[in-house]
Amino acid sequence: MKRRDFLLRVGGIALATPIMANLAACDDDEDGDTPDAAAKTCNSVGTEIGNNSIDNHQLTVPAADVTAGVQKEYTLTLGAGHTHRLTVTSANFQTLLNDGMIQLTSTNDDSHTHSVTLTCSSS
Ligand SMILES: [Zn+2]
């Protein structure tokens, strides 16, 4: 009886070990230092609007939109009496996810456009 218990326990440990090794391997993957692996996760989107010192437009792009990858039009907030629109195509979202950054141009309103840089962060 005792010998059988011992064998069962050893068997249990042997079975558990490969699972733990797999978990460790997954962790290594997530923290991998290849740019692709790091950029595939988009938990927050940073926005930087160029030529914006007077207009002070604001733009919010939810990270969920990047994950969804469906073309969407955003409106830059009212600044200096005007707004702009920005269209992000599904291809743009894919590039943002892959490269971690894209640069687009807003619509022309009040006789000017703004460059808009979107950056993906995994945190
Ligand atoms: Zn403007």
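Modeller: Of the 123 residues in the protein chain, 15% are buried, a residue being buried if 20 or more other C-beta atoms lie within 10 Å of its own, exposed if 12 or fewer, and partly exposed in between, with C-beta atoms placed from the backbone. This is a predicted model, in which local features need pLDDT of at least 70 and side-chain atom pairs count only at pLDDT 80 or more, while totals for chains, interfaces and linings use all residues. Residues are numbered from 1 along each chain as its sequence is written.

The protein chain has four helices and five strands, taken as DSSP runs numbered from the N terminus (helices H or I, at least four residues; strands E, at least two), and along the sequence they follow the pattern α-α-β-α-β-β-α-β-β.

The residue to look at is Val-61, which lies in the loop between β1 (44-49) and α3 (63-68). Val-61 counts as buried because 22 C-beta neighbours fall inside 10 Å. Beyond its neighbours within four places in sequence, Val-61 is in contact with Val-45, Thr-47, Tyr-74 and Leu-118, where contact requires C-beta atoms, placed from the backbone, to lie within 7 Å. Val-45 is 16 residues from Val-61 in sequence, and their C-alpha atoms are 6.2 Å apart.

β1 and β5 pair in the antiparallel sense over six bridges, pairing being assigned if DSSP finds at least two bridges between two strands. They belong to an open sheet of three strands with the order β1-β5-β4 and antiparallel pairing. β1 and β4 (101-105) stand at its edges, each with a single partner strand, so one side of each is left without a neighbour in the sheet. Direction ignored, neighbouring strands of this sheet are turned by 20° against each other on average. α4 packs on the sheet, touching β4 and β5, and its direction makes about 145° with that of β4; axes are lines fitted to C-alpha atoms, for helices over the stretch in contact, and angles run from 0 to 180 degrees between N-to-C directions.

The largest nonpolar core has 13 residues, with Val-66, Leu-86 and Leu-96 having the most contacts inside it; such a core is a set of buried Ala, Val, Leu, Ile, Met, Phe, Trp, Tyr and Cys residues joined through C-beta atoms within 7 Å. Two or more residues each come from β2 (72-79), β3 (82-88), α4 (90-99) and β5 (115-121), and β5 gives the most, with three.

How values were computed:
Two residues are in contact if their C-beta atoms, placed from the backbone, lie within 7 Å.
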